[in-house]
Amino acid sequence: GSLRTASGSCEQRTEMPFTFLPEFAELDLRTDSDIPEVVPPTDRTPEIFKKALSGLSSRWKNWWIRGILTLAMITAFALIIYMGSFMLMLLVMSIQVKCFHEIITIGYRVYRSYELPWFRTLSWYFLLCVNYFFYGETVADYFATFVQRREQLQFLIRYHRFISFTLYLAGFCLFVLSLVKRHYRLQFYMFAWSHVTLLIIVTQSHLVIQNLFEGMIWFLVPISSVVCNDIAAYIFGFFFGRTPLIKLSPKKTWEGFIGGFFSTVVFGFLVATLLAQYQYFVCPVEYNSETNRFVTECEPSELFQFQKYSIPPLLQVVLGRETVNLCPFQMHSIALSTFASLIGPFGGFFASGFKRAFKIKDFADTIPGHGGIMDRCDCQYLMSTFVHVYITSFIRGPNPSKLLKQLLVLQPEQQLNVYKTLKTHLIEKGILQPSLRG
C-alpha cells in the first residue's frame with residue numbers, strides 16, 4: 001500500500017474510510033427483508049360458497065371455488081365474443097385499466113406513497129396520455145375513411161404524435177414541479193414504477209387489439225391456449241404433481257407443466273380447426289364507414305382454406321391413410337400453443353417473483369380463488385407480444401385494403417400521380433396495353 005512519487009520515493013498510502021455525502025443520505029439501502037408488507041387482501045368468497053363448501057378441506061374448497069368461477073368467466077367471455085369485436089376491444093381496455101390499477105396500488109402501499117404530491121393524479125394522467133397515443137395510431141391506421149369525412153378528426157390525426165408528445169411533456173413537467181425535498185427518492189421510485197407498468201400493461205394490450213384486427217382467430221386461439229394451459233397444468237399438478245418445477249412458484253410441478261404442454265397443443269389444434277371454418281373468426285376486423293359498424297366479411301385467405309397433404313410413409317402405416325385435409329393455420333396453431341405452454345408460464349413465474357419481492361399472495365382480491373385480474377393475465381401479455389411478432393414476421397403481407405384507405409386520404413393531385421405511376425408500371429410489365437391516341 002504505497003504510492004511512488006515523481007522523485008522516486010515511496011509514501012505510505014492511507015486508506016480513507018468510505019462515508020456518505022449529505023446529498024446521498026437518502027439512497028435506498030434496504031434489503032428485501034426490509035420491504036414493508038402489504039396489507040393482505042380480504043376474502044371476497046360469496047357466503048353461499050362458504051356455506052356449501054364448509055365441510056371440505058381448504059385444498060378442495062379452493063379447487064371448487066376456482067373451478068366454478070373459471071366456468072363463469074369462460075361463459076362470460078363466450079358471450080362477449082358473440083357480441084362482436086367492438087365489445088372485445090372494450091374488454092381489453094377494461095382489463096388494461098384494472099391491471100394498471102392493481103400494480104400501481106401495490107406501489108402505493110409498499111412505499112407508503114399516498115401522501116406524495118400529485119402522484120396518484122399523475123399516474124392516471126400518464127395512462128391517459130399513453131392510451132391516447134396508441135389508440136390514436138390505431139384510428140389512423142384502420143379508420144382512415146371515417147376520419148377523412150370529419151375535418152376535426154383530420155386535424156387530430158395529422159398532428160397526433162405532436163399532440164401526444166405535448167400531453168406527455170405536460171405531465172413530465174408537472175412531475176418535476178411536484179418534487180419535494182423530503183420525498184425525492186420516493187417520488188422517482190414511483191415515477192419509474194408507473195412507467196414500467198405502462199410499458200408492460202398498455203403497450204401489450206395495444207398489441208392484443210392489433211392482433212384482433214388481423215382476425216378474431218389470432219385473438220382467440222392464443223388467449224384460449226393460455227387459459228387451457230393454465231387449467232390443464234393446475235389439474236395435472238393437483239392430482240399428479242410430485243416434483244417441484246421452480247422455487248419462485250412452489251405449487252408448480254413438472255407433472256403439471258408437462259401435462260399442460262400436451263393438453264394445450266392438442267387443444268390449440270382442435271380450436272384452430274373449428275374456428276378456421278367460419279368467416280366471422282378468420283376475416284380481418286374492418287370498420288364499415290357506411291354502416292358505422294365493424295365487419296368481418298371477406299374471402300378467406302389460403303391460410304384458412306383446407307387442402308390435401310400427403311402423409312409421410314411411416315405415419316401412413318399407423319394412420320391407415322395416405323392424405324389428410326388440413327389448413328395452414330392449423331400448423332401455425334401448433335407454434336402458438338407450444339409457446340403458450342412452454343414460454344407463456346414464465347410470465348406467471350415473473351409475476352410470482354414480483355409478488356414474492358413485495359410479500360403478497362395475489363395482486364388483488366377481485367376474483368375469489370384466483371386473485372386479481374393481473375393474476376389471470378400475467379401470461380397473456382407475454383403471449384400477445386409473441387403473436388404480434390409472429391404475425392409480422394411470418395404471416396402479414398401487403399394489405400391492399402389498408403393501402404387503398406391511405407390512398408383515399410391523399411389530395412387529388414397526389415392520387416393522380418399515384419395513378420399515372422401505377423399505370424406506367426403495369427404497361428411496362430405488359431399487364432396493361434398502351435392506350436392508342438388518334
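Q: Which residues does V295 touch, not counting residues up to four places away in sequence?
A: In this predicted model, V295 touches P284, V285, E286 and N288. Each counts as a contact because heavy atoms lie within 4.5 Å.

Q: Where is V295 found?
A: V295 is found in strand 6, which covers residues 293-295.

Q: Why is V295 called partly exposed?
A: Its relative accessibility is 24%. Buried would need a value under 20% and exposed a value over 50%, so V295, at 24%, counts as partly exposed.

Q: How far apart are V295 and G84 in sequence and in space?
A: They are 211 residues apart in sequence, and 9.1 Å apart in space from C-alpha to C-alpha.

Now for the charged pairs.

Q: What makes the pairing of E137 and R161 a salt bridge?
A: The closest N and O atoms of E137 and R161 are 3.0 Å apart. The cut-off is 4 Å between a side-chain nitrogen of Lys or Arg and a carboxyl oxygen of Asp or Glu, so this pair qualifies as a salt bridge. The pair links distant parts of the chain, with E137 in helix 4 (residues 119-142) and R161 in helix 7 (residues 160-178), 24 residues apart.

Q: Is E137 buried or exposed, and is R161 buried or exposed?
A: E137 has a relative accessible area of 19%. Buried means under 20%, so E137 is buried. R161 has 57% relative accessibility; exposed means over 50%, so R161 counts as exposed.

Q: How do you know that R376 and D230 form a salt bridge?
A: Their side chains meet at 2.8 Å, N to O, and the cut-off is 4 Å, so the pair counts as a salt bridge. R376 lies in helix 15 (residues 373-395) and D230 in helix 9 (residues 216-240), so the pair ties together parts that are 146 residues apart in sequence.

Q: Why are R376 and D230 called partly exposed?
A: R376 has 23% relative accessibility, and D230 has a relative accessible area of 30%.

Q: What makes D375 and K355 a salt bridge?
A: The closest N and O atoms of D375 and K355 are 2.7 Å apart, and the cut-off is 4 Å, so the pair is a salt bridge. D375 is in helix 15 and K355 in helix 14 (residues 345-357), 20 residues apart. Both D375 and K355 are buried.

Q: How many salt bridges does this rule give?
A: The count comes to four salt bridges.

How values were computed
Residues are numbered from 1 along each chain as its sequence is written. This is a predicted model: local features need pLDDT of at least 70, side-chain atom pairs count only at pLDDT 80 or more; totals for chains, interfaces and linings use all residues. Side-chain values use heavy atoms; hydrogens and water are left out. Helices (H or I, at least four residues) and strands (E, at least two) are DSSP runs, numbered from the N terminus. Buried means under 20% relative accessible area, exposed over 50%, partly exposed in between (1.4 Å probe, protein chains only).
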